[in-house]
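Hi,

Here is the structure I said I would pass on. Have a look at it, and then read my notes below.

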Amino acid sequence: MSDSPAQDLGAHGGVTPGQYYGHGLPYAPIGDYPGRIIAIEGTDGVGRSTQIRLLREWLEVRGYGVIETGWTRSPLMAPTIELAKSSNTLNKLTFVLLYACDFADRLEKEIIPALKAGFIVLADRYIYTAIARAGVRGVDSQWIRQLYGFAIAPHLIFYLKIDADALARRVLQTGGMSYWESGMDLKSGDDIYDSFRAYQRQLVKEYAAMSDEFGFRVLEGRKSINSIQEELRRQVGEFLEGSEAATVVRTESI
Amino acid sequence: MLDTLATPHTLPGRLFVVEGIDGSGKTTQLSLLSKWLTANGHRVFVTEWNSSALVKAATKAGKKKNALTPMTFSLLHATDFADRQLYKIIPPLKAGMIVLADRYAYTAFARDVARGVDRQWVRDLYSFAVRPNLAVYFRVPIETSLDRLLARRIKMKFYEAGMDMGWSANTTESFKIFQSKVLDEYDRIVPEYGLEVVDARRSITEQQRQFREMVTAHLESNPT
């Protein structure tokens, strides 16, 4: 929860980073892999992708191998999730399970192989987005935590925090409010602006509730792109220096 | 955690489930039961494992490319089940109808675990399922089921034969290895979830008679 560099890196829901949170994949035991997972969490419009792009560049310049993985981007599930969203026929459980399937596909085909090979995996959102969305929709909180027991605990989790009002202005200036990001499926009303704010407020609450549980490092999302990036680099840099295993190539001159 | 699979449901309808490996004859038994119930004036609705329209597309795509891992296979089937429970299982139960399910969560407990998915994880996953009034397991030795499948000239499917696990390049061999693991899991599930067992080596008529007796008990004890 704190930005302090002295934070105990082992305190990720009581689970060692790089290991399964709960009942993992018995057929894919996790060894002492050299790779690292860095997850960036936060609601849409908070500037995650920009931060990830900048962080990746910085890491690569410093000689680290980097791969990115993003929510609903698995080749297996992406078309089905798109179809489901456009047809608007899914109930909350079906949605939760489709997302979990997408995550499982990326975990096994992208994340685990990358960890084995010593890459830094930059995750554009991780399981916490799914847990937050499910929480807002009234899915049993213990059930969804059991469900994601097969996820590997990241080494660092950054949460870009922003309040609903600031986010609303930012989203309106860029792409506008979408049906799903406004929680219109919750049918709390026809007004997309009101629905957006109510939904995002609830999401922020859910993220806040997870912050201690999973050991989020909270970054203030209202700050400038540059100052957020600086803070990210400082914390990531500190972590990697103390973690020899992820070192693949280090160019001292840079 | 909400565990509806462990708690009897209070809906006015009845949920009857058949389980068993491929070639156990459970689908034949279920359709005979359906005819009988309908003839006796019951309103019956039948639902099959992995049959929801949305998930079918993904399963098909995944199967075609043999791209499914044990975990994504398991989660896709759970997604299908969640979808069917909402649209196909709960509404008829609320309407006081009889729902007949050809395979249920127990199929996932048997198959997914045989593929290497964690036993407790998959049980937790399906804890939201409605508990059936009666679940009947048609127990059959692998040789018998294999004979039946071959006699019907059914081409064994990639995943049904467990070919994705790479245990054997020979389809029949792979089927035997995979299904014997599935049978072991069913033996564990039967006492755990109180499944009724029918000896599926007996004649179709004998099995059907026994099946109808089991179902009758559930109809009489609490008429719909």
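Of the 254 residues of chain A, 42% count as buried (a residue is buried if 20 or more other C-beta atoms lie within 10 Å of its own, exposed if 12 or fewer, and partly exposed in between, with C-beta atoms placed from the backbone). Before you go further: this is a predicted model, where local features need pLDDT of at least 70 and side-chain atom pairs count only at pLDDT 80 or more, while totals for chains, interfaces and linings use all residues. Residues are numbered from 1 along each chain as its sequence is written, and chains are lettered from A and ligands numbered from 1 in the order in which they are written.

Still on chain A, 81% of the contacts with a separation of 6 or more are between residues 24 or more positions apart (two residues are in contact if their C-beta atoms, placed from the backbone, lie within 7 Å). Chain A has eight helices and five strands, and from the N terminus on its elements run β-α-β-α-α-β-α-α-β-α-α-β-α. Helices (H or I, at least four residues) and strands (E, at least two) are DSSP runs, numbered from the N terminus.

Now the sheet of chain A. Its five strands form an open sheet in the order 2-3-1-4-5, with parallel pairing (two strands pair if DSSP finds at least two bridges between them). Strand 2 (66–70) and strand 5 (217–220) of chain A are at the edges with a single partner strand each, so one side of each has no neighbour in the sheet. From one strand to the next, the twist averages 20 degrees (axes are lines fitted to C-alpha atoms, for helices over the stretch in contact, and angles run from 0 to 180 degrees between N-to-C directions).

Going through the pairs, strand 2 and strand 3 (residues 120–124) of chain A are parallel and share five bridges; A:T69 has A:A123 in strand 3 as its bridge partner. Helix 3 (residues 92–116) of chain A packs on the sheet and touches strand 1 (36–41), strand 2 and strand 3, with its direction at about 160 degrees to that of strand 2 of chain A.

Strand 4 of chain A is worth a look: five of its six residues are buried. Four bridges join strand 4 to strand 1 of chain A, in parallel, and another pairing, again parallel and with four bridges, joins strand 4 to strand 5 of chain A. A:F158 of strand 4 turns up in both places, opposite A:I40 and opposite A:R217 in strand 5. Helix 8 (residues 225–241) of chain A lies across strand 1, strand 4 (156–161) and strand 5, at about 160 degrees to strand 5 of chain A.

In the loop between strand 5 and helix 8 of chain A you will find A:K223. It counts as partly exposed because it has 15 C-beta neighbours inside 10 Å. The C-alpha atoms of A:K223 and A:L160 are separated by 9.9 Å, although the two are 63 residues apart along the chain.

Next, a helix pair. Helix 6 (residues 164–173) and helix 7 (residues 192–214) of chain A pack at about 125 degrees, with their axes 9 Å apart. That angle makes helix 6 of chain A oblique to helix 7 of chain A (under 35 degrees counts as roughly parallel, over 145 as roughly antiparallel, 65 to 115 as roughly perpendicular and the rest as oblique). The residues that meet are A:A164, A:D165, A:L167 and A:A168 in helix 6 and A:F196, A:R197, A:Q200, A:R201 and A:V204 in helix 7 of chain A. By class, this contact has five nonpolar, one polar and three charged residues (Ala, Val, Leu, Ile, Met, Phe, Trp, Tyr, Cys and Pro count as nonpolar, Asp, Glu, Lys and Arg as charged, and the others, Gly among them, as polar).

Finally, the interface. 26 residues of chain B are in contact with 26 residues of chain A. On the chain B side, helix 2 (53–64), helix 3 (70–94) and helix 5 (119–125) each supply at least two residues, and the largest share, 10 residues, comes from helix 3 of chain B. That side of chain B has 16 nonpolar, seven polar and three charged residues.

Cheers
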